[in-house]
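Reader: I am new to this structure. Can you show me how to read its surface patches and ring pairs?

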Amino acid sequence: MNQPSSAYKLIASHNRDIQVRLYTPAHQGIGQHSNRLSQEIYQYDLPFLTRPRTESLEQHFSQLYGTKHTFWLTGGGTQGVLTACALLGTQYKRVAIALNSHISAIHGIILAGLEPYFIPSVSLMPTTEEVISALETSDVSALLLTHPSYEGITIDIDKIADYCREREIALVVDEAHGSHFPFLDEQWQSAINSGADLVTHSLHKYTGSLVQTALLHLPSCSRFTIEQVMGVMPLFETTTRSNLLILSIEDTIKKGYSEEGQALFWQAIQECDRLRRQLDSYGKVLTYDRQVSDPMKLYLKSDRVTGEELAQLLYNCGIDGEFDDEHGLLLIFSFNHSHHDFQFMRKTLAKVVPILREKAPIETLPDSYFCRSPKMKILPKEAFFSRKEKLPLGQAVGKISGCCIKKVPPGSPILIPGEEISQWHQQRLSPETVVEVVE
Ligand SMILES: Cc1ncc(COP(=O)(O)O)c(C=O)c1O
């Protein structure tokens, strides 16, 4: 059991000479019931890799990230955000969040009894100036920022972290959409190196690990200690973490920092740049959002069709994107895409441009369509755990919400517990919506 540098070795060294295993899990490493899941999967699914057993393994890999400690999570980025909120709840009360926060941040705020202060912004992702001005004018003691945005927009996280440090504001960065940043060139900096106190990664999103894998980083300059994180961690963790997810985390970190992994990322970045250069020649008929600085993302836009129509056009040609709406179509590339995939992309873009050119220009909704200034009436925790009744949205205007409604993807809340239900909600949500209101 003394092989801290690999979960594979830890598993392989377990009870090698034992003939009969009289303990859980009942499969005992033998997969008899499945003709889909290989025998190997079951072999690796024991023993239980409890936190104490994997602590030194995590320590070993934390060195790669340059953190005080990087905690491996098997409950998704959600577990990281919930844990971070619980930790904030032990010391702080009022926390600034942006409109692009994930629903898990609201759930964490509910559970931790925190008071959210929404950063006023003209689009869902606030600018650096909007964040700093909100911190200057509110009396928050913590900031929970979702950065980069789902679309891949980044702001000056170094400047924000410096500001927070000067004013003693705790900074948590939900870097779900930047889990690949530590593996890239330093121009795409992770908040781990910016002076954040906690950084969460939804690892599976961009690095190739299995779904539900995630990381919670305690950067080297964090105001929090390993013991403080461990104090709240059990609140959101199963006592029997999946070995398969743990192995997948190990594989991914090793690959991300390997020469081979870095070369693959670099190749994909160069291919994406080539696509951008091609798009530069199409004008507004087919273009990309230049605010997006994630090198692996293209947020396509056209002045001839909505994002939904563009998605359909590409889908008919054999390309399925991540997300589309009125404004555009988000395409996410990875190190797994081959030269052939990029070639196919280039050909397809060239093919759809003449089709788009035939169409008349359209008007789209402004970027601020989903922006609101939430009016908080009571604490989310109080509203969530109070007596509630269900009402059709039309009859709920002016009442206090006891529930969350999110926009999917990416799961940003457009109504949260404790918020006053307003005309804005009535205009944006379907008239059939039923909401829970505080009695
Ligand atoms: C910003 C953000 N944070 C956290 C999460 C939660 O991550 P996971 O799905 O891995 O639990 C998501 C997922 O979409 C997200 O977009």
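Reader: Which helix gives the largest share of the negative patch?

Author: Helix α7, residues 157-167, supplies 3 residues, the largest share of that patch. Keep in mind that this is a predicted model.

Reader: Which residues form the negative surface patch?

Author: Asp and Glu count as negative. Here the patch is made of E129, D156, D158, D162 and E166. Take D158 as one of them. D158 sits in helix α7.

Reader: Is D158 buried, partly exposed or exposed, and why?

Author: Buried means under 20% relative accessible area, exposed means over 50%, and partly exposed lies in between. D158 has 33% relative accessibility, so D158 is partly exposed.

Reader: Which residues form the nonpolar patch on the surface?

Author: L111, F384 and F385 form it. Together they have about 300 Å² of accessible area.

Reader: Where is F385?

Author: F385 is in the loop between α13 (380-384) and β12 (388-392). Its relative accessible area is 53%, so F385 counts as exposed.

Reader: Now the rings. How is a pair of aromatic rings described?

Author: Two values do it: the distance of the centres and the angle of the planes.

Reader: How many aromatic pairs does the whole structure hold?

Author: A search of the whole structure finds 11. Y65 and Y257 make an edge-to-face pair, because their planes stand at 85°, and planes over 60 degrees apart count as edge-to-face. The ring centres are 5.3 Å apart.

Reader: Where do Y65 and Y257 lie in the chain?

Author: Y65 is in helix α3 (residues 51-65) and Y257 is in helix α9 (residues 243-257).

Reader: What kind of pair do Y150 and F323 form?

Author: A tilted one, because the planes are at 55°. The ring centres lie 5.5 Å apart. Y150 is in the loop between β4 (142-146) and α7, while F323 is in strand β10 (residues 323-324). The pair therefore ties together parts that are 173 residues apart in sequence.

Reader: Are Y150 and F323 buried or exposed?

Author: Y150 is buried, at 6% relative accessibility. F323 is buried too, with a relative accessible area of 8%.

Reader: Which residues do ring pairs link into a cluster?

Author: The cluster holds Y65, F183, Y257, F265 and F335.

Definitions and conventions
Residues numbered from 1 in each chain as written. Predicted model: local features only at pLDDT ≥ 70, side-chain atom pairs only at ≥ 80, totals over all residues. Heavy atoms only, no water. Patch = residues over 30% accessible without salt bridge, like charges linked within 9 Å, V, L, I, M, F, W, Y side chains within 5 Å. Areas by Shrake-Rupley, 256 points an atom, 1.4 Å probe, with all protein chains shown as cover. Salt bridge = Lys/Arg side-chain N within 4 Å of Asp/Glu carboxyl O. Charge placed at Lys NZ, Arg CZ, Asp CG, Glu CD. Helix = DSSP H or I, 4+ residues; strand = E, 2+ residues; numbered from the N terminus. Buried < 20%, exposed > 50% of the residue type's maximum accessible area, 1.4 Å probe, protein only. Phe/Tyr/Trp six-rings, centres within 6.5 Å; stacked < 30°, edge-to-face > 60°.
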